Amino acid sequence: MVSFTLSLVVLVLGYFVYGKFVERVFGPDDRVTPAVSKADGVDFMVLPNWKIFMIQFLNIAGTGPIFGAIMGAKFGVSSYLWIVLGCIFAGATHDYLSGMLSIRHGGASLPEMIGKYLGVTTKNIMLVFTVLLLVMVGAVFVYSPAEILHSIWGSSTMWIIVIFIYYIIATMLPIDKIIGKIYPLFAFSLLFMALSLLIMLFIKQPQLPEFWDGMGNKGMATISGWTDEIFPCLFITIACGAISGFHATQTPLMARCLMSERMGRPIFYGAMITEGIVALIWATVAAYFFYGEPTPGYQIIEEANNGMLTSAPAVVNIICNDWLGIAGGILALLGVVAAPITSGDTAFRSARLIIAEFLGLEQQSKRKRLYICIPLFASSVALLLWQIENPNGFNIIWQYFGWANQALSVFTLWTLTVYLVREKKPFIITMIPALFMTTVCTTFLMVSKQAFNLDYTLGCIIGGVVFVVALVWFVLWYRKYKKSL
């Protein structure tokens with residue numbers, strides 16, 4: 001519990017200390033925001049700050065800081081370090097600056113910002129890449145809640161249809177009609193569940209692995225055949241709660257609703273720190289159920305479903321029911337079902353706005369919104385049908401989603417780095433995370449069984465080479481840019 005408590009304190013301090021520093025680097029002011037200057041009553045409108053925070057938190061969170069943290073806990077206490085350091089120095093910085101950059105560019109979507117700072121070719125590639133990622137999010141986050149609801153009542157097909165109908169309505173309607181009304185409630189349920197578990201942790205005071213016990217992969221010592229290496233697998237497994245490229249597709253949604261730039265740090269940086277706290281709580285609770293003393297702990301997981309191989313949703317249900325009783329079971333259901341649905345909802349909304357921006361198609365007209373939504377949902381349905389027909393379809397899509405998610409953060413971080421260079425600001429705050437995530441994503445692509453499946457050592461060497469190439473490339477560009485001035 002000492003390592004957990006220290007990590008929790010550092011996360012909170014990160015908001016007040018490093019978050020304040022990042023805010024000063026950007027320099028928010030009192031200029032008119034797109035929520036006012038481009039108000040259209042659909043996507044651009046002023047919302048209350050507390051509501052924007054809750055929507056932003058749920059948009060970027062979903063079940064990410066729960067499922068990812070539970071799976072990441074199998075790597076041991078090294079997951080704490082990644083959540084804390086990744087969240088403060090990479091994720092929250094990434095979210096804050098991408099949200100503020102969107103405000104400064106009239107509520108621009110991620111591909112537009114990438115195009116401005118990394119070039120038109122990169123913009124076009126990332127537009128396709130981003131839309132595909134968002135369609136994957138929609139497909140993944142339809143199937144999993146439909147399967148859970150099917151286990152309670154009805155058929156999977158019925159629930160898939162119901163969820164898609166909700167997606168169509170929520171994607172088409174103005175942001176304040178559904179998202180603005182129900183998202184704060186779902187966000188509150190996620191926060192309440194995390195707070196309840198936090199209180200139970202301090203009441204039970206379980207014995208957990210600490211930093212000084214070693215930073216190795218605990219799963220390797222517990223499960224025969226567990227071969228995932230901490231680097232790079234941990235940094236792909238825990239995305240939400242540390243850094244996630246998906247967030248940069250969501251920050252423009254709230255950038256279009258913010259009345260003042262000065263609220264950027266509490267909303268963008270603050271929501272990410274809050275997500276990091278939720279991830280830290282779930283990683284710790286999962287660690288107790290995997291390794292902790294006294295019982296219950298690993299024994300409950302083992303009896304439930306083959307020990308540490310238990311799926312993350314099953315772990316959520318076991319933990320909540322054991323610690324929080326009936327109320328916990330209800331909260332678990334709400335979180336595991338509602339959170340992915342709402343993430344899928346905003347994913348489709350982001351995709352609609354990105355495509356509309358690229359085509360120059362205004363979105364006040366319902367008819368023009370339909371022009372984009374129909375092919376968008378058709379693509380997702382096709383992917384979903386393939387996923388259902390393929391026995392391992394969900395796992396395959398999820399793994400590709402995990403890598404694509406972090407790859408998107410790489411392009412966002414390099415975009416922010418170029419922006420800071422041009423504004424003559426301390427660009428090192430995004431350059432270091434950009435280099436690190438570039439190396440992580442390259443190495444994972446090399447060693448992943450779903451990609452090149454190379455020898456681990458060879459994969460790491462290639463990742464190191466890419467790190468050097470990226471650094472040299474940036475230095476050469478930077479020198480050339482300085483000379484041009």
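The model is predicted, so local features need pLDDT of at least 70 and side-chain atom pairs pLDDT 80 or more, while totals for chains, interfaces and linings use all residues. Residues are numbered from 1 along each chain, and side-chain values use heavy atoms, without hydrogens or water.

Start with helix α13, residues 246-255. Helices here are DSSP runs (H or I, at least four residues), numbered from the N terminus. Helix α4 (residues 49-61) packs on α13 at about 160 degrees, with the axes 9 Å apart. Axes are lines fitted to C-alpha atoms over the stretch in contact, and angles run from 0 to 180 degrees between N-to-C directions. α4 and α13 are therefore roughly antiparallel, a label for angles over 145 degrees. Contact means heavy atoms within 4.5 Å. In α4, the residues that meet α13 include I52, I55 and I60. Their partners in α13 include F246, L253 and M254.

Now turn to helix α6, residues 78-104. α6 and α13 pack at about 45 degrees, with axes 8 Å apart. That makes α6 oblique to α13; angles under 35, over 145 or from 65 to 115 degrees get other labels. Among the α6 residues in this contact are H94, D95 and S98. H247 and T251 of α13 meet α6, and H247 and T251 also meet α4.

Two or more lining residues come from each of α7, α8, α18, α19 and α20.
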